[in-house]
Amino acid sequence: VKKNRSLRFGALGVVLGSVAAACQPAAPSSELVTARRVYDQARQGAAAELDPAGVQDAQASLQAAEAVHEEAPGSNRERNHAYIAIRKSELALSRAREATALDEQERIARAQGAEMSQAAVLRAEAELRQRERELGAVLEAVAIAAAESGAMMAQEEGAVRVTGVFFEAGSDELSPVARKQLDIIANQIESNPEASTVIEGFTDARGDETQNLELSQRRANAVREYLSSRGVDAERLEAVGLGENYPVASNTTPTGRATNRRVEIATGAGPDLSSARALPPHPEDDAPPEERELEPSDPSEREPVKGNDGDYPDDPQPREPDAEEPSP
Amino acid sequence: MHLLERGIAMWVVAASGVACGSAELQMSGRQHQVNQAIWTAEQAGAERDARSAQLLELARREMMDARSTADNGDERNAALLFDRAEADSKLALQIARTSAEQEKARRAWEELGAAHSYF
């Protein structure tokens, strides 16, 4: 009896197990699992926005695969439908990537357009600066010619002061006109062997003050060397650099600056020729030369050259840290 | 009565013929469509991209399988195989296009970078 009972229970267990197995949903094929995953990627990513029709198409294919899975789980038909669903989801994903790449190209093209415009502006500015420089060079040359033609000579007590040796901006080189003037002055000095001579070099007010002082000394030295080469005893020649001090013209115009880039030569029997200045300060300067202080080297601390209508803000050539930057 | 039976038999034979011809035509149409899709992908340079080339190869094989399945009378599975082949060839074309556009974007970035360093 016991054996029969065991058999019956065993049979019942087998039957119940079979029923339970039959009621369990069949496992989806690997293709269907992949199709669901790839579709989720497409649905949740950029493809949903960039290719909604493609995502819908993929969804329809996946639904067809799911329906076949219900009817005939694990069948070839399920696998084929799932495979097509995978491809359609991938298609939507790829289209979204293409749209993103196209969008990126458009953004780059816009950025390039902006760069091109900026480059055109930079080119135009560079051309403008070049023309300004060219015009500045012409103005400088005209100014030097004007200054040279107006070389001044003043008769003082027992001394002659000549202001007529002018220089290019930033240069201590003597021009041909200056050499001719110095030839005459050399003769005058030679004709008066008792006279002593002081050569004073000056710069305009642009650039660093210390460098201007050095430049003015070089200018004075250049004149001294030239006079010496013309036969004047070097012992009788004293060269002094006075930098941008004692301007004789406004430093706010090219002509004024060219006039200030000069060497003055005082020759005579006076004990201290350099202190006996015959030439007055430029009328546009607000203080007499004796009272004028050295301007600070930092351009931001400098006072504008006053007296000119426009004053410093209208100065077409703002002060720069380099000494008397020559025109290119 | 005899005539009626003969008429019915003829009708059945004719209908079967039409159905077979129709299925044949349908398969031929699908094959043409898939061929067209493969050709388009080839023209777009899909063979130059590794993944696209692989998909095109799959599409060609699936089309041949579909053709033989249809010849064996299994139109249902043949149609599915044609669908697979078409899906593969369309994806091959799309991937080739996407790769090309991504390459263009990459080059544009490079040019922009070069321009930046120039300016």
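Student: Where do A:R107 and A:D103 lie?

Tutor: This is a predicted model, and it puts both A:R107 and A:D103 in helix α5 (residues 76–149) of chain A. They are 4 residues apart, about one turn of the helix. Their side chains form a salt bridge, with the closest N and O atoms 3.8 Å apart.

Student: Which residue does A:R43 meet in a salt bridge?

Tutor: A:D40, at 3.0 Å from N to O. Both sit in helix α2 (residues 30–44) of chain A, 3 residues apart.

Student: What about A:E190, which residue is its salt-bridge partner?

Tutor: A:R236, and the closest N and O atoms are 3.8 Å apart. That pair links distant parts of the chain: A:E190 is in helix α6 (residues 176–191), while A:R236 is in the loop between α7 (209–229) and β4 (237–241), 46 residues away. A:R236 counts as buried because its relative accessible area is 17%, and buried means under 20%.

Student: Which residues do salt bridges with shared partners join into one network?

Tutor: A:R87, A:E90, B:R51 and B:D88. Over all chains, the search finds 29 salt bridges.

Student: And which residues make the nonpolar surface patch?

Tutor: B:L4, B:I8, B:W11 and B:V12, covering about 450 Å². B:I8 belongs to helix α1 (residues 2–43) of chain B and is partly exposed at 48% relative accessible area.

Methods:
Residues numbered from 1 in each chain as written. Chains lettered and ligands numbered in written order. Predicted model: local features only at pLDDT ≥ 70, side-chain atom pairs only at ≥ 80, totals over all residues. Heavy atoms only, no water. Patch = residues over 30% accessible without salt bridge, like charges linked within 9 Å, V, L, I, M, F, W, Y side chains within 5 Å. Areas by Shrake-Rupley, 256 points an atom, 1.4 Å probe, with all protein chains shown as cover. Salt bridge = Lys/Arg side-chain N within 4 Å of Asp/Glu carboxyl O. Helix = DSSP H or I, 4+ residues; strand = E, 2+ residues; numbered from the N terminus. Buried < 20%, exposed > 50% of the residue type's maximum accessible area, 1.4 Å probe, protein only.
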